[in-house]
Amino acid sequence: MKSFAYVNAAGEKEAVAALGPERGRFLPLAGGMDLLALMKDYIAQPDRLVNVKGLDRAIARTPDGGLRIGAAVTLTQLAESAEARRMYPAMTDAAAEVGTPQIRNVGTVGGNINQRPRCWYFRNEEFPCLKKGGSTCYAVDGENQYHAIFGDGPCHIVHPSSLAVPSVALNAKFRVVGPTGERVVDAGEYFQMPDRNLFGETVLAPNELLTHVMLPPPGAARTATYEVRFKQSHDWPLAFASVALSMSGDTVRGARVVMGAVAPIPWRSPAAEAALTGKRLTEEAAMTAADAAVQGAKPMTLNSYKVQIARTAVKRAIMKAAGLKTV
Amino acid sequence: MARRRKKLEAGSWKLEAGTQQQPPPAAQAAPPPAPQGPPRNWPPVADRTLIGKSIKRLDGPDKAQGKAKYTYDIIRPGMLYGRLLGSPHAHARIKGIDLSAAEKLAGVKAVLALKDPAGEGANGKAFYQGDEIAAVAATTEEIAEDAVRLIKVEYEPLQALATAAQAMSADAPAVFPKGNVSQQSLQQEGDVEAALKSAAHIVEGTYSTQVQTHTSLETHGGICEWEGEKLTAWVSTQAVHGARDGIAGSLKIPQTNVRVITDYMGGGFGSKLGFDYQVVVCARLAKLANAPVKLMLNRKEEHLVTGNRPSAYAKVRAGVDAKGKLVAFDAETWGTGGAGAGAAFRVPYPIYVFPSRRQRHRDAYTNAGPQRAFRAPGHPQASFITEVVLDELADKLRLDPLELRMRNVLSATDPSQEDPSRQWRKYFPMGAEKIGWSKRHPTGDPASGPIKRGMGCAGNTWGGAGSRATRANCQILPDGSVLARIGTQDIGTGTRTLVAIVAAETMGLPLTGVKAEIGDTNYPFAPGSGGSVTVASVSATMRIACENARDELFAKVAPALGVEPSALAAKDGRIQVKDAPSKGMTWREACKLLGVQPISADGAFGPGLSSTGTSGVQFADVEVDIETGVTRVKRIVCVQDCGTIMDKLTAESQVYGGIIMGLGFALYENRILDRNTARMVNPNMEWYLLPGMSDIPEIDITLVDQPDRGPVGLGEPPVISTAAAVANAVANAIGVRVRKLPLSPDAILQALNEERTGGTL
């Protein structure tokens with residue numbers, strides 16, 4: 001691991017001041033679950049780490065009846081918050097599925113949302129892939145069984161965050177602070193496709209910090225996340241889905257359907273949302289929406305099986321939100 | 001230079017060894033003549049106070065509390081940290097190595113080039129990713145890690161072979177000096193073509209298993225410390241004596257100048273049987289730096305260079321007659337064990353009788369780390385292929401697959417004799433009863449909904465005889481303490497506890513009355529802990545050493561009691577007259593008679609105290625979600641023998657471990673090489689999937705004790721059948737045959753899709 005300087009930031013301002021505009025040179029350190037692994041593998045080689053563990057780690061009600069989650073809140077804290085669970089099961093279900101208990105005890109909400117991709121070509125230093133400034137995406141004609149089934153490249157990662165997907169489904173807003181002040185970004189606008197941003201995955205500038213996730217009041221929405229993973233212990237989802245359904249009786253008035261682990265960003269499906277809207281919530285309606293969700297998938301050479309898994313995840317997330325049996 | 005060449009030769013030697021990996025159960029190699037001596041026996045079953053009981057391992061509390069120091073934990077005064085630079089290319093010519101920048105880094109104390117750009121063959125080339133190019137020793141691990149990255153190596157990347165198929169293709173580049181593919185070997189019995197013509201049903205298919213890495217929790221490596229010309233090496237090894245000889249040979253120093261110590265060891269599974277190149281590099285760094293050096297591999301290197309279970313492919317035609325008797329098995333097989341290493345396995349699996357059989361096999365060489373012995377080499381692959389074929393034949397016959405096994409499994413050659421190493425006809429019904437086989441539905445769960453349930457089974461065999469070369473020493477000290485010393489090593493199986501059990505049982509003492517010392521080349525020779533030879537070798541030999549020591553004590557005590565030594569027994573902490581137990585003295589009183597002269601008695605392995613040959617069966621009960629392809633194993637039932645059970649707890653522990661490892665092979669583990677560069681994409685525990693606690697099902701073990709046989713090894717048998725049983729259970733659940741491992745969601749969904757679009761059954 002390359003030697004680095006270490007700054008303990010007392011507050012947002014100090015933290016932002018200690019970051020800088022050059023990508024990768026100055027990095028915020030919260031739980032370190034992702035960053036330390038990147039550094040040990042020489043994928044990240046920062047000159048300075050800025051400790052932001054001291055920033056807001058509270059989950060608080062907002063005046064409008066929503067929830068404001070500090071970026072330094074741990075995943076365990078979020079998963080075990082009774083209030084969050086009651087209001088946004090899609091979010092707490094996702095938090096509870098991350099990694100292992102040890103990772104959830106240390107890993108933070110901000111860290112989960114901003115973690116780097118798990119693509120094995122990105123993570124192994126021998127492969128100078130596009131994201132590392134190289135000229136090739138090795139996944140295209142290589143080992144792409146876990147890669148994207150949506151998106152046109154040129155990089156084919158799947159977004160690694162479990163919380164990003166329900167954040168988009170719940171229409172969350174992210175509070176971002178930078179050298180010139182703060183801004184609020186819709187979760188749906190926060191993540192960026194590789195054709196717009198190859199060297200990062202979000203709109204966050206190198207000297208900006210994500211400080212809060214703000215969830216709007218849940219109203220009568222029913223929300224759920226359903227994750228398909230192979231192993232029960234410490235594994236990444238093969239595909240998952242978060243849904244938020246606004247209901248009137250048992251009829252869907254509006255829906256947000258977002259898939260995870262299928263594209264370089266949380267992948268929202270307007271077609272699935274349209275298929276649900278105005279329908280009674282039944283297994284058939286869920287199935288129709290799930291079929292619509294994977295329409296237009298463009299699997300790579302080895303991952304067409306993920307289309308079926310994504311379809312199942314969407315169907316079951318809808319059924320879970322509706323309180324129906326998922327299997 | 002010579003050393004590098006030797007390294008490749010070692011690979012080709014492994015190839016030959018590989019072809020002998022799977023002896024037929026009855027055909028053990030003729031042993032050298034055994035040392036002569038009085039006939040030896042274990043105490044009568046009723047008199048055993050420790051053997052066969054559930055005894056907790058003696059070092060369990062120390063391990064749980066972190067007091068037991070593994071090689072990885074050892075820190076010596078002034079110790080440096082070594083790191084290796086491995087080739088990032090799977091195949092490359094080394095054009096130049098510039099160490100200067102690394103040498104200049106503050107904290108770096110020694111730097112070594114391990115390849116020679118001017119060298120011939122393997123000396124000037126890298127044949128797989130991770131192939132060692134250079135090494136560094138520095139004051140911290142981090143500096144050493146930074147330093148290897150400062151070494152400038154000029155590579156000329158060459159075309160690499162990532163898969164057996166690439167190696168075997170007609171337009172493959174010539175990568176290996178003797179060709180990319182071995183000569184075809186032929187094993188045959190009877191006339192398969194004629195037998196297949198006579199068959200009522202034939203199954204044809206191609207079956208395959210993946211490359212599995214050992215993934216020992218403690219990685220390979222050691223700590224080397226010189227004192228003048230004498231080297232002490234703490235090594236994570238399965239063979240302290242083998243490691244000593246290998247290190248001495250490589251460094252060209254007398255074996256007497258090398259001492260190898262392995263107090264505690266974090267898993268090897270066959271990968272730590274050979275001496276390790278990195279320990280030799282470590283010793284050279286220590287010499288150069290004039291300080292102790294620790295060099296342990298990281299997880300990535302562990303996956304890349306410390307061996308693996310080769311892949312296996314089999315194109316099979318097998319036939320059965322209308323009465324359910326197997327008639328023929330014909331297989332064209334291949335596989336890859338990496339760079340210059342073999343990929344042997346024998347089909348059909350030898351516990352089933354196919355009167356006519358043929359196997360034509362070729363090894364394909366690829367640019368990947370060479371294979372090493374891996375828990376039951378060849379067996380899990382052969383078991384999977386054979387047992388899946390059996391279930392397919394049973395389906396064609398519309399016969400219960402259990403019944404097909406009962407009709408065709410090996411039994412005693414002479415029907416009037418019972419062969420204790422061939423008990424499958426007994427164990428299959430026992431396992432069936434436990435798993436609830438009577439509730440098994442025919443292939444394809446008729447239940448509605450996406451979750452399908454199924455059952456499957458498979459059998460196994462192994463040798464596990466003791467080694468005639470084993471020696472042991474037992475000392476009885478005047479204060480009554482007992483020292484049992486043997487140069488074996490506890491690779492996590494409980495060998496230290498076993499040694500104490502044998503010594504205490506023989507002396508009639510409690511476990512606390514004896515001290516077991518192992519894991520040191522200063523102790524008498526014992527073989528490497530591989531091939532399941534340890535329990536038989538160590539128990540029998542330590543029994544003899546302890547009896548010899550005890551008999552010397554009897555000779556001292558007998559005059560005091562006015563009887564012949566042969567009239568004495570050691571029991572319940574006393575030396576007493578067999579026929580008049582009240583006549584005697586306590587163990588301590590007896591030992592006081594030694595004055596100042598302890599007893600030290602040696603033992604050499606002898607016959608009569610151990611045996612060879614095991615049989616076992618496993619059953620699996622699984623659930624498959626056909627909408628996701630995800631399989632969950634609900635339950636594994638195992639019926640297994642291992643001769644005389646020495647310690648029920650550690651024996652069960654072996655079986656748990658074997659089954660969990662078998663489960664990894666069945667479902668999860670897969671070394672994935674990038675097909676274009678032959679670099680491993682998952683050299684970690686993130687994408688190299690291993691079963692975690694929540695993935696481990698209920699495991700129901702029935703150990704069948706054979707108290708009169710003496711112990712037989714149990715290391716390999718429990719890993720053999722798990723994947724086959726799980727694969728058969730999956731097919732029983734989903735109604736579609738998956739002919740390759742691992743049974744990933746991808747493989748299951750693909751098989752289900754093929755069924756929908758034309759069918760594989």
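I count two residues as in contact if their C-beta atoms, placed from the backbone, lie within 7 Å. The model I am working from is predicted.

**Entry 1: helix 7 against helix 8, chain B**

I looked up which residues of helix 7 of chain B meet helix 8 of chain B. On the helix 7 side I found Ala243(B), Ile247(B), Ser250(B) and Leu251(B). Their partners in helix 8 of chain B are Val279(B), Val280(B) and Ala283(B). I then sorted this contact by class: 6 residues are nonpolar, 1 is polar and none is charged.

Next I checked the geometry. Helix 7 of chain B covers residues 240-251, and helix 8 of chain B covers residues 277-289. Their axes come within 10 Å and cross at roughly 55°. That angle makes helix 7 of chain B oblique to helix 8 of chain B. I noted the hand of the crossing as right-handed.

**Entry 2: Arg284(B)**

I stayed in helix 8 of chain B, where Arg284(B) is found. Is Arg284(B) buried or exposed? I counted 21 other C-beta atoms within 10 Å of it. The cut-off for buried is 20 or more, so Arg284(B) is buried. From C-alpha to C-alpha, Arg284(B) and Leu251(B) are 8.2 Å apart in space. In sequence they are 33 residues apart.

**Entry 3: chain B as a whole**

I listed 19 helices and 28 strands in chain B. Its radius of gyration is 27 Å, close to the 27 Å that the globule rule gives for 761 residues, so chain B is as compact as a globular protein of that length. Along the principal axes, its C-alpha atoms fill a box of roughly 85 × 75 × 45 Å. I found that 57% of the 761 residues in chain B are buried.

I also asked how far apart in sequence the contacting residues of chain B lie. I took the contacts between residues at least 6 apart in sequence, and 80% of these join residues at least 24 apart.

**Entry 4: chain A against chain B**

Last, I turned to the contact between the chains. It takes 24 residues from chain A and 31 residues from chain B. Which elements of chain A give two or more residues to the side that touches chain B? I found helix 8 (120-123) and helix 13 (305-321) of chain A. Helix 13 of chain A gives the most, with 4 residues.

Notes. Residues are numbered from 1 along each chain as its sequence is written. Chains are lettered from A and ligands numbered from 1 in the order in which they are written. This is a predicted model: local features need pLDDT of at least 70, side-chain atom pairs count only at pLDDT 80 or more; totals for chains, interfaces and linings use all residues. The radius of gyration is taken over C-alpha atoms; the globule rule is 2.2 Å times the number of residues to the power 0.38. A residue is buried if 20 or more other C-beta atoms lie within 10 Å of its own, exposed if 12 or fewer, and partly exposed in between; C-beta atoms are placed from the backbone. Axes are lines fitted to C-alpha atoms, for helices over the stretch in contact, and angles run from 0 to 180 degrees between N-to-C directions. Angles under 35 degrees count as roughly parallel, over 145 as roughly antiparallel, 65 to 115 as roughly perpendicular and the rest as oblique. A crossing is left-handed if the near helix is turned anticlockwise from the far one by less than a right angle, and right-handed if clockwise. Ala, Val, Leu, Ile, Met, Phe, Trp, Tyr, Cys and Pro count as nonpolar, Asp, Glu, Lys and Arg as charged, and the others, Gly among them, as polar.
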